[in-house]
Amino acid sequence: MRRQAFITLALCALALAGCDVDNGSLDRARQNFGTDDPRPDAFYTCGSHNCSKRIAVSLSAKEWATARAPLMRRPRSAGAERRALAEALRRLEVMVGEKTGYNSDLAYSTLQVAGKAQDCVDEMVNTAVYLPMLDDAGLLRLHRPGQRVTIGFMTRRFWTHTVASIVQKDTGQEFIVETWAVDHGKTPYIMDRKAWAANAPLRRDF
């Protein structure tokens, strides 16, 4: 019986290998983790693995202006908007990290031996918080927030991995927003979803 159960589990893992699936909208992700209705002056972010800690954060008017500055100018192309979005997200992570103490977070972290860490679920939820704040401010002209996307076992360092995504409005092309694979304060990857799901090297499709 145990052998049969093991074989079933192994077959399921292989079936998921390389597959990416939608886990619903980013609105749903925020609701599931108690971070819905974010505003620059009052929102929650996640930390310490699977959003086991929710931290209330607020940005001053000056901080919010600094965060959104890269997106204030109308982009010449969708790639230029993705570049500006990546910088805005980087700035938000730096500001929030200083307020919450998660500025020691390292790439690919789960539970660090020293300092506070954020796993991919924490990072996905936080991106799902930042995107609507920018979108509600009218700063995403060529993209919209997308889905929560999860990749199957045996890809992306051999465990299940989840990210937020954005969608280019005119083409419907979806891009994952990968903040977990960079150290705190570094520019996140924004990458074509199909290439990401195929386990292509991480890149910035700007």
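In what follows, a charge is taken to sit over a ring if NZ of Lys or CZ of Arg is within 6 Å of the ring centre and within 35 degrees of the ring normal. By that rule, the charged end of R54 sits over the ring of Y44, 4.6 Å from its centre. R82 likewise lies over the face of F175, at 3.9 Å from the ring centre.

Colleagues, this is a predicted model, in which local features need pLDDT of at least 70 and side-chain atom pairs count only at pLDDT 80 or more, while totals for chains, interfaces and linings use all residues. Residues are numbered from 1 along each chain as its sequence is written, and side-chain values use heavy atoms, with hydrogens and water left out.

I turn to the overall architecture. The protein chain has 6 helices and 7 strands, where helices (H or I, at least four residues) and strands (E, at least two) are DSSP runs numbered from the N terminus. Along the sequence, their order is α-β-α-β-β-α-α-α-β-β-β-β-α. Of the 206 residues, 48% count as buried; buried means under 20% relative accessible area, exposed over 50%, and partly exposed in between, with a 1.4 Å probe and protein chains only. Among contacts (heavy atoms within 4.5 Å) with a separation of 6 or more, 59% join residues 24 or more positions apart.

Next, the interior. A nonpolar core here is a set of buried Ala, Val, Leu, Ile, Met, Phe, Trp, Tyr and Cys residues joined through side-chain atoms within 4.5 Å. The largest such core has 37 residues, and F43, L71, L85, Y130 and L134 have the most contacts inside it. Two or more residues each come from α2 (26-32), β2, α3 (61-68), α4, α5, β5 (161-168) and β6. Helix α5 gives the largest share, 10 residues. Leaving out residues up to four places away in sequence, L85 touches L71, L131, L134, L140, I166 and I190. A second, separate core of 9 residues includes I151, V163, M191 and A195.

Which aromatic rings pair? Rings of Phe, Tyr and Trp (its six-membered ring) pair if their centres lie within 6.5 Å; planes under 30 degrees apart count as stacked, over 60 as edge-to-face and the rest as tilted. The count by this rule is 2 aromatic pairs. In one of them, the ring centres of F43 and Y130 are 6.4 Å apart and the planes stand at 85°, so this pair is edge-to-face. Because F43 lies in strand β2 (residues 43-47) and Y130 in helix α5 (residues 120-136), the pair ties together parts 87 residues apart in sequence. Both F43 and Y130 are buried.

Y108 and W180 also form an edge-to-face pair, at 5.2 Å centre to centre and 80° between the planes. This pair links the loop between α4 (78-100) and α5, which holds Y108, to the loop between β6 and β7 (189-192), which holds W180, 72 residues apart. Y108 is partly exposed, with a relative accessible area of 28%, whereas W180 is buried at 2%.

Finally, consider V177 in strand β6 (residues 174-178). Is V177 buried or exposed? With a relative accessible area of 2%, V177 is buried. Beyond its neighbours within four places in sequence, V177 is in contact with L89, T127, V163, A164, S165, I166, Y189 and I190. The C-alpha atoms of V177 and A128 are separated by 9.7 Å, and these residues are 49 residues apart along the chain.
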